[in-house]
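Hi there,

Here is the structure I promised to pass on. Please have a look at it first, and then read on for my notes.

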Amino acid sequence: MKKNNIVLVGGGSTWTPGILKAMTTHLEEFALNKVVLYDIDEDRQEVIGEFAKILFKEEAPDVEVVYTTDKNIAYTDVDFVFCQMRTGGFNMREKDEKTPLSLGVIGQETCGAGGFAYGLRSIRDMVEMVKEVRRLSPEAWILNYTNPAAIVALALDKIFPEEERILNICDQPVNLLRSYSKLINHDVNDLEPVYFGLNHFGWFTNIFDETGKDRAPELKEIITTGGFKPVDAEQRDQSWLETYAVVKDMLIDFPDYLPNTYLQYYLYPEYKLSQLNPEKTRTDEVREGREKKVFEECRRIVANGTARDSKVVHNDAHGDMMVEVAASIANNLRKTFVVIVKNNGIISNLPNDSMVEVAASLGANGPAPYAVGEIGTFYKGLIENQYAFEKLTVEAYIEESYGKALQALTLNRTIVDAKKARQVLDALIKDNKEYWPELR
Ligand SMILES: NC(=O)c1ccc[n+]([C@@H]2O[C@H](COP(=O)([O-])OP(=O)(O)OC[C@H]3O[C@@H](n4cnc5c(N)ncnc54)[C@H](O)[C@@H]3O)[C@@H](O)[C@H]2O)c1
Ligand SMILES: O=P(O)(O)OC[C@H]1O[C@H](O[C@H]2[C@H](O)[C@@H](O)[C@@H](O)O[C@@H]2CO)[C@H](O)[C@@H](O)[C@@H]1O
Ligand SMILES: [Mn+2]
């Protein structure tokens, strides 16, 4: 089996230790030669990089580990790029959440006005990353997790139309699958999903088990009667537990399919607004929780010189999936994953150029998506509205257009009112001066 060189972009991310750990537990499936961690923040990178050196010395001593803030080192001779950067860091995420909330609309990392603001920031750095990777490693696969993945995927598809080796992925479908598998006490690897939508905006229509039986009806019954919790509920902050609980409400109102949790912001914007606190948002929870824990634990491990008693990994789903996706491509395993791909008729009554999230067989030639066919009017209407928002957001970036940005925000179901959209846009322009193109 070929040994791969990988670079993790956003090497100082809170998710990096979990991904590194997953790499050490999947070596038989995904062989490694070299792991490079790359970040623009030297301090964050050093803490996680030193942890990485200890972890690999103990678990996989043949693998070379390098950490750097030098793009030339990072992107040379790479087989797989795992990308998970956060342009502007948690300081800007906080503004994405708090500024819209202070103006009376949903403020969230990837949805509504917050997702719009983050999207306009991410596109710039993601485009630069793709160009640099292609300069130094023309054949590398770029596996992207950077959010908002829907907007990033659309922008990269528009800016690099010839690219065949960029794949955008979200771990929420697999996390939901793991949560369903717990409810029916079934091995998640024996469940085959049928899924359609856009990123953070989709539904599971079927969950087939190994006998071919669709377990979705049973799951819907369990959730509508007993509620829904994430598989790793004991490790989750309150806001995630509240998010999963809303799945029950969505199923009672719209019982056709199992919804992605993120639909809560679009289906119940008024209710969610009443629950969110503009003074204390998810960013505060992450800073006081995951970020603090990960960095403290990595520092402790470095001081002790061993990661054997490490508690740094709090949820395996994210890291496992990233490595399994790469393994499926590297070794042509053709396993099924829910991924983001260009529609091109997969959902026959949606635009061909939308970037949809669907199940696909993943092999050496990339994703081979399974056909979905026609979707019902309600879902088509919701998705087309959201897709128009995403498309106008990308066009606003490329054309530096204030008008398109205003149209995008006005279309978003979490905003709707055009005067409100203008107010929010003007506030976000002030917040994002350093990051956005000047919109005219
Ligand atoms: N697709 C998914 O389902 C999924 C799941 C989890 C996290 N994410 C995404 O992963 C990313 C990381 O999340 P996090 O909470 O760990 O954030 P984080 O801020 O802890 O980590 C991001 C890191 O990226 C670095 N960075 C910023 N700009 C960069 C650039 N241009 N080049 C290289 N590095 C850069 C930062 O310095 C930081 O260390 C975010 O985009 C988040 O939304 C996606
Ligand atoms: O608010 P955060 O930073 O904790 O999370 C935001 C991300 O939420 C989803 O990711 C889940 C992930 O699906 C699950 O595997 C587990 O690791 O928890 C994460 C949330 O804590 C979402 O899919 C991502 O796109 C978000 O960035
Ligand atoms: Mn996601």
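The crossing of helices H1 and H2 is right-handed. H1 covers residues 16–25 and H2 covers residues 42–59, and the two pack with their axes 10 Å apart at an angle of about 15°. Angles under 35 degrees count as roughly parallel, so H1 and H2 are roughly parallel to each other. Please keep in mind that this is a predicted model, so everything in this email is computed from it.

Helix H4 (residues 89–102) and helix H16 (residues 418–431) have axes that come within 10 Å and cross at roughly 160°. With angles over 145 degrees counted as roughly antiparallel, H4 and H16 are therefore roughly antiparallel to each other. Here again the crossing is right-handed, with H4 passing H16.

Now to the ligands, starting with ligand 1. Which residues come nearest to ligand 1? Of the 26 residues around it, they are Ser13, Thr14, Asp39, Arg44 and Tyr118. In the polar contacts, Arg44 places a polar side-chain atom 2.7 Å from an oxygen atom of ligand 1. The side chain of Arg86 has an N or O atom 2.9 Å from an oxygen atom of ligand 1. Met85 takes part through its backbone, where an N or O atom lies 2.7 Å from an oxygen atom of ligand 1. On its own, ligand 1 has 860 Å² of accessible area, and the protein covers 94% of that. Sorted by class, the shell around ligand 1 is made of 10 nonpolar, 8 polar and 8 charged residues.

Ligand 2 has 17 residues around it, of which Asn147, Asp171, Gln172, Arg282 and Arg290 come nearest.

- Gln172: an N or O atom of its side chain is 2.7 Å from an oxygen atom of ligand 2.
- Glu109: a polar side-chain atom lies 3.1 Å from an oxygen atom of ligand 2.
- Arg236: an N or O atom in the side chain is 3.4 Å from an oxygen atom of ligand 2.

The protein covers 93% of the 530 Å² of accessible area that ligand 2 has on its own. Which helices each supply at least two residues of the shell around ligand 2? These are H7 (172–183) and H12 (282–304), and H12 gives the most, with 3 residues. By class, the shell around ligand 2 holds 6 nonpolar, 5 polar and 6 charged residues.

Finally, two points about the backbone. Most residues other than glycine have a negative phi, and most peptide bonds are trans. Asn147 and Pro148, however, are joined by a cis peptide bond, with omega about -10°. Pro148 lies in the loop between strand E5 (141–144) and helix H6 (149–159). Where is His200 found? Its place is the loop between strand E7 (192–198) and strand E8 (201–208).

Best wishes

Notes
Residues are numbered from 1 along each chain as its sequence is written. Chains are lettered from A and ligands numbered from 1 in the order in which they are written. This is a predicted model: local features need pLDDT of at least 70, side-chain atom pairs count only at pLDDT 80 or more; totals for chains, interfaces and linings use all residues. Side-chain values use heavy atoms; hydrogens and water are left out. A residue is near a molecule or strand if one of its heavy atoms lies within 4 Å of it. A polar contact is a pair of N or O atoms within 3.5 Å; within protein, one must be able to donate a hydrogen and the other to accept it, and residues adjacent in sequence count only if both atoms are side-chain atoms. Accessible areas come from the Shrake-Rupley method with a 1.4 Å probe; for residues, only the protein chains shown count as cover. Helices (H or I, at least four residues) and strands (E, at least two) are DSSP runs, numbered from the N terminus. Ala, Val, Leu, Ile, Met, Phe, Trp, Tyr, Cys and Pro count as nonpolar, Asp, Glu, Lys and Arg as charged, and the others, Gly among them, as polar. Axes are lines fitted to C-alpha atoms, for helices over the stretch in contact, and angles run from 0 to 180 degrees between N-to-C directions. Angles under 35 degrees count as roughly parallel, over 145 as roughly antiparallel, 65 to 115 as roughly perpendicular and the rest as oblique. A crossing is left-handed if the near helix is turned anticlockwise from the far one by less than a right angle, and right-handed if clockwise.
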